[in-house]
Amino acid sequence: MLPEQQVLLNHVHACNNPARTAAASPFFATGGSVSLLDGSAILESCALKGDWKGSKKLIDSLKEEERNRLLTSIISVRSRTALHVAACAGKWEFVEKLAGRMPKEALGLKDELGWTALHYAALGGDIKACKALVRADPQLTQITSNDDWTPLLAAARCALKVKEVVWFLVRNTTDEPPGHPFTGHLAGKLSYTLAAAGFHDILLYLIESYPGLATIRDECGCNLLDALALRPSDFESGINLGSWQKWIYPLRVTAIGELALPTSPPTNLDKGAKWTKKLWNIFWEKLQALPLVSGINQVQVEKLKHKYAQELINRVGRELKGLCDDQIYEFFLNSGTMSTAAAYGVVEIVELCLQMIPNVIWLQTNQQPLLYIAVEHRQEKILNLIYKMDVHNRIISMNPIDASNNSILHMAAQLAPPAHLKVVSGAALQMERELQWFKETPNVWGKTAEDLLMEQHKDLLDKGEQWMKDTASSCMVVAALIATIMFAAAFTVPGGNNSDTGIPIFIKDESFLVFAVSDALSLIFSTTSLLTFLSILTARYAIEDFLEHLPGLLIRGLGFLFLAIVAMMIAFAASFFIIVREGSKPVAISVIVWASIPAVAYAVLQLPLYIQMRRSMYSIFQSS
């Protein structure tokens, strides 16, 4: 740093009082000239506050030579100019206007970190400031920081909520010096960052022009597959859709509103097309407010994200096909791509590995074969992928996995990580899932791992027993109440009985027949449900019972209880209709409609648990 610059910095620190404003400076009070030192302090204060009016008054008062010297001088810590100070403070309107008054060569000045004002504007995600700076000097997009960050890389890593900025910088960045952002390790860092940020469409657009981005590595040896392996939700294999979402998902992605992200930057539209698009966007925003449309939109957005992620994998595959076998082996085996994808359950990446290197199933990844990784991290989709190789499974399972001579069955006997236990609700269902893993894991070492299974899952077993008993007890109360009501209703029929014969007065009425049948069914179902829940309370709770017996009892109990509730509400509706139909038929019909609420509420509240248990009754493994 020059001596005069150090003196200037010392003076700025002494004068940098927040209470000191441009309006209070001697220059504005007297209308006279101002020194460089005072002007720097005033300009820094205005830049920090975004006070363009005060700055403009100062700038306009100076001659061109003095103005250029002031605007290019260091006025703050870390060798920052006024443009840096405003950008660091997030005063983007100030940055826009100041950029238009500064000399072109000053726009690319770096601070001690090697960052320009465009770096900070990209970091802050302000599109207007970025456009103003690039408009003043298009070469700003090529400048790199001390850490080799281009403005594009800064935006990709930090401006995650402002995708428009990333698109803008992509369109205005080329593979030219000094940055060369699309070649070398810097390109690998950019490729990894875009994939990690979820900007798959932007990355696909760049790969069209620079195919090497599909397989290039950064300085740490990571590529875009490593980033994708950490984002399982970006793939179809990594999501769990509800029943209605599964129906919507296969539908074609509609390119309206925000449903379809562009695979290329937005193009210039004529005036009529712009108005049409604007009106359509307004209509779509209003339409999106509706819950159903919003839900459909979200499913389609997810599907489009999966489509882009899958296309990235396809592009990687195309690039790898042009390499020799040794290079392909090096690409996968000297990186953590395969093991990470297997651990996170990204089936699509593991499939690519198996396609490119069919024999990779026999090789070890990070000292562990894929089978071990799948079992350790409870990734049933990965295990299903390699399940067909039965001979391979048996050979691998015969090999010990550690110095204690433990086998893969011992690994399956270990308690699963908490994140994988939470896939299902309720300790009993979690225990069932653990038993499925133990049962399906290749076992050629006998039953020595069962002791480890009992030891590792003792707490979960106790919690599962308590959860099952609490659930059964709660449901028994409801079932007993319904049985009591229905039993009493059978002897207090609507309309009463004939005093001479004791026969119900409305016995020939069709509505009475509906009442009688539904009352009897409700009593039968509730009693059956009650006995089923009672059998849960008296069960032995052996560890193998959690696999099928106990979940099956709970499913049947909940099913009978639901039928009892439905039959009870039908009996109530029929009885109410018999009593009040002569007085007000519309009232009777409306009450009957409202009587369906309890059954619907039960279905909505308990159906997810019922469906989850029904699914868990079937093995999560395709070979079962």
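**Note on the predicted helical chain**

1. Leu513 sits in helix α29, which spans residues 510-537, where helices (H or I, at least four residues) and strands (E, at least two) are DSSP runs numbered from the N terminus. Leu513 counts as exposed because its relative accessibility is 54%, the classes being buried under 20% relative accessible area, exposed over 50% and partly exposed in between, with a 1.4 Å probe and protein chains only. Together with Val517, Leu521 and Ile524, Leu513 makes a nonpolar surface patch of about 350 Å²; such patches take residues with over 30% relative accessible area and no salt bridge, nonpolar side chains (Val, Leu, Ile, Met, Phe, Trp, Tyr) being joined within 5 Å. A salt bridge here is a side-chain nitrogen of Lys or Arg within 4 Å of a carboxyl oxygen of Asp or Glu.

2. The model is predicted, so local features need pLDDT of at least 70 and side-chain atom pairs count only at pLDDT 80 or more, whereas totals for chains, interfaces and linings use all residues. Residues are numbered from 1 along each chain as its sequence is written, and side-chain values use heavy atoms, with hydrogens and water left out.

3. For the chain as a whole, there are 32 helices and zero strands, and buried residues make up 46% of the 624 residues. The accessible surface comes to about 31,200 Å², 58% of which belongs to carbon and sulfur atoms, as given by the Shrake-Rupley method with a 1.4 Å probe. Among contacts (heavy atoms within 4.5 Å) between residues at least 6 apart in sequence, 76% join residues at least 24 apart.

4. The largest nonpolar core has 100 residues, of which Leu133, Leu225, Phe332 and Ile349 touch the most other members; a core is a set of buried Ala, Val, Leu, Ile, Met, Phe, Trp, Tyr and Cys residues joined through side-chain atoms within 4.5 Å. Leaving aside neighbours within four places in sequence, the contacts of Leu133 include Leu83, Val95, Ala117 and Leu140. Another core, of 25 residues, lies apart from the largest one and has Met476, Ile482, Leu553 and Leu609 among its members.

5. His84 belongs to helix α6, residues 82-88, and counts as buried because its relative accessibility is 1%. A polar atom of the His84 side chain lies 2.9 Å from the backbone oxygen of Trp115. Not counting residues up to four places away in sequence, His84 touches Leu109, Lys110, Asp111, Trp115, Thr116, Ala117 and Tyr120.

6. Glu376, placed in helix α21 (residues 370-376), is partly exposed, with a relative accessible area of 33%. Glu376 and Ala343 are 33 residues apart in sequence, and their C-alpha atoms are 8.1 Å apart in space.

Methods
Polar contact = N/O pair within 3.5 Å; in protein donor to acceptor, adjacent residues only side chain to side chain. Patch = residues over 30% accessible without salt bridge, like charges linked within 9 Å, V, L, I, M, F, W, Y side chains within 5 Å.
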